[in-house]
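Colleague: Before I use this model, I would like to know what stands behind the terms applied to it.
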Amino acid sequence: MIESLIEIKEEPMRISKTTAIFLMLMVSSFLVGCSISYSTGKSSDSISASSDSISASSDGDDNTAAAAINNYAEDVAAATMHYASSTDESGQFLQTIANIARSHGIVDWEQVKLTFTAMGKGLKQAGVEEETISTLAYFDTLPKRADYLLVLKGYRQS
Amino acid sequence: MSQSAVLRVFLLACLFWAVSAQAEDERTLDFIYVNANTGESAGGHTAIRLGSTVFHYQFFPQGRFLLVRESWSHFRYIYNELRNRSIFIVRTPLKPAVYAKLRNHLTGLLMVQQQDLNQLQDAETQLNYLTQLIAGADYLEIEAVGLFDRDRRNDESMDRLHQIIQQQLGDDYLVQMRQQVESKLVDLAVEPTRLSSGIPWVQRLQALLLERMFIQFVETGASLAEDSIFGESVNTPELTANERQILERYRKKLIASVVGMLQSQRFDRSAPLMLQTARYLAVDRSLETGILLTLDPFSLRANPVTVTQKDELHGLQVQLQQDAIQAQHNFFNETVHPDIAYAILESSMGRLHEIEGAMFYGRPVRVEPGILLPARKGRVSIADFSFPRARLSVFFDETKVKLSQLKQQIGQRYTYDLIAQNCATELLRAVNSAFIDPTAGQQALGGWLTPDDGLVFIPNQFYTQITAHFPTQKREYFPSRRLRQLEQFDENEYPLLIGLRESNTLSSTLYTPRIEDTPFLFFTDDTLLLRPVQGAANLLWGVVHSVGGVLALPVDRGERLHQGLRGMFYSLPELVFGNIRKGTYGFSETTTAGP
């Protein structure tokens, strides 16, 4: 690991407003953004960056599947919270879940238990009352399935 | 034990509990400033970190300015190591509830952003399909179909899967499923309805066509397309006995996934069905050949990049080989989420295959970031359907209008502006929008800044204002790669000699000139008093290169001239004690393959 935390040797320079504006105007013609996404560029560095984006996604820990699943759970909770607070139809909600799963490398999201606990967490964040969960579109199909218990587990643990 | 000893133990226990509780409660919002370098961020860059996750805004193709989430280690690797920029962090303490609120809010923003982009992509796909249907096309190109070769039938592995499905679900299950799908397709074709449960007509058509294709592939024993599977390169080692066992377990899991999805009511099950089936065939072939084989993970969205320099290719190949080996190790040791580990393995093997294609055959390298899921497109026949063109024309017009509106909305929402909508202002807006008003925000964060405050739109000033307005608990400084390496020189070496040697690009042992860094002579990020003098020398160096660029115009189409002019430009701040340029590093020069 390269990591080395040392005391601050040099703070960002405090520059006068005039100098700051001058510098910004100078560079404005060359600027196309605060930062270009490295992995979508045309240079060979983009190849390295696109690979590193998954190989180092867990801050030094080599278990990138664990990192991906944590992000997946957060996103599913956020999507569920949004769904419960909106007028979106259940089909759109499931499409969103499928897209989220796909972006995290998950194909069969119904087989991932964390999907349903994260949904429960999202429902809690949206302020949905527990007794009304089974009346929501899509969630009304779950009570006969074991997945529903996972939703309740995620809800109650939040 | 005496009373005083008991009291001492009790007090120590209380102290330990108090410290532990405080440690558990410690959460921070970390504001990050990355100093400038040449190219797209001559003004510096800003980000925030929550835990080990960084949120920041980046510029993407098509002029979009998007919120990005990535690991701190990846962020550091890119900015601190490859781009050779120093990172400054100031940490503001947060209560756990505020930390969770902020993190949820930023995740929510990401989710909404992705939904917007998906909506746009879906509308574009819908318009594309409607155009083809109205024109009377005989087929549509649909994802995942291209992984199979329908002309090669009676594949033993596929036949085995067919038998398992029949055993577990009944001999007629696929037959009945095909009949239901055909019936739905006929209904869909005859009477197109815009939406069903929020799903557009074209998406439902696509899903049903894919299901019909899946059933056909299974029933006819279709095999994998030969060019859709990778892994049989020169030095691929054979699977060990343990690895074979794990693959056999994973094969069973894939079969269970296919059987499970066949019983699912998800309308979007068809693409996952195809992929899991393709993976099952790839795993089966791996076990048959004794070599780990994976599917081609790239989609049509991949960027082709041409790499011609041998040392770059070699360096890339070494890095990607290490990544692939690590991904293999992780997959063969993953017990909880093998699907994700397998997807990461597919992505890594695919990237290695690409670079080997460039090395041995001179092919461009397909580049696509993130965890990839194989989705190669292939043709699906629609010749047996007669679609009502008049009705579809109405859909087409509506979709065209919707697409135009979406493009405009997304263009406005995710646009970049040098002053009003940049990485600093949008980061502040994102954080501030987690709170109902500034008072609540100030109470939660301990400070408050708005994008309109002073010069906060300049990343450098953003950092300065943050340290002035927010309670800061701790600061961190990560010197750039070159500065870090300068400090590691042996103390016994003469500092003056080291300074002279490393001060310029001609004799430096720590840096190799790169075209994208523009031509320059002296490093000025670690000097101050001499900066104007060195800047003048750099300016002159840029002039010389520009003159050379004029002479080279017929040969290099102005590349040298362009770089020379840029080199002159980045020398100008140095004349007034400023610094932007620091040099950058390629991946092949990094001391580690990632952090």
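Predicted model: local features only at pLDDT ≥ 70, side-chain atom pairs only at ≥ 80, totals over all residues.

Modeller: Residues are numbered from 1 along each chain as its sequence is written, chains are lettered from A and ligands numbered from 1 in the order in which they are written, and side-chain values use heavy atoms, leaving out hydrogens and water.

Colleague: What makes chain A a chain of 6 helices and 0 strands?

Modeller: Helices are DSSP runs of H or I with at least four residues, and strands are runs of E with at least two, numbered from the N terminus. By that rule chain A has 6 helices and 0 strands, so its pattern reads α-α-α-α-α-α. Chain B has 18 helices and 16 strands.

Colleague: How do you know that S6(B) and S15(B) are paired?

Modeller: Two strands pair if DSSP finds at least two bridges between them. Strand S6 (residues 139–143) of chain B has 5 bridges to S15(B), so the two count as paired. They run antiparallel, and B:Glu141 stands opposite B:Arg379.

Colleague: Why are B:Gly378 and B:Val380 called buried?

Modeller: Buried means under 20% relative accessible area, exposed over 50%, and partly exposed in between (1.4 Å probe, protein chains only). B:Gly378 and B:Val380 are classed as buried, so each is under 20%. Buried residues are 55% of the 595 in chain B and 51% of the 158 in chain A.

Colleague: What makes a set of residues a nonpolar core?

Modeller: The members are buried Ala, Val, Leu, Ile, Met, Phe, Trp, Tyr and Cys residues joined through side-chain atoms within 4.5 Å. The largest such core has 108 residues, of which A:Trp109, A:Phe139 and B:Trp201 touch the most other members. Helix H6 (residues 201–220) of chain B gives the most to this core, with 11 residues. A second, separate core of 38 residues includes B:Phe55, B:Leu67, B:Tyr99 and B:Ala434.

Colleague: Which residues does A:Phe139 touch?

Modeller: Contact means heavy atoms within 4.5 Å. Leaving out residues up to four places away in sequence, A:Phe139 touches, among others, A:Tyr83, A:Phe93, A:Met119 and A:Tyr148. Of contacts between residues at least 6 apart in sequence, those joining residues at least 24 apart make up 73% in chain B and 56% in chain A.
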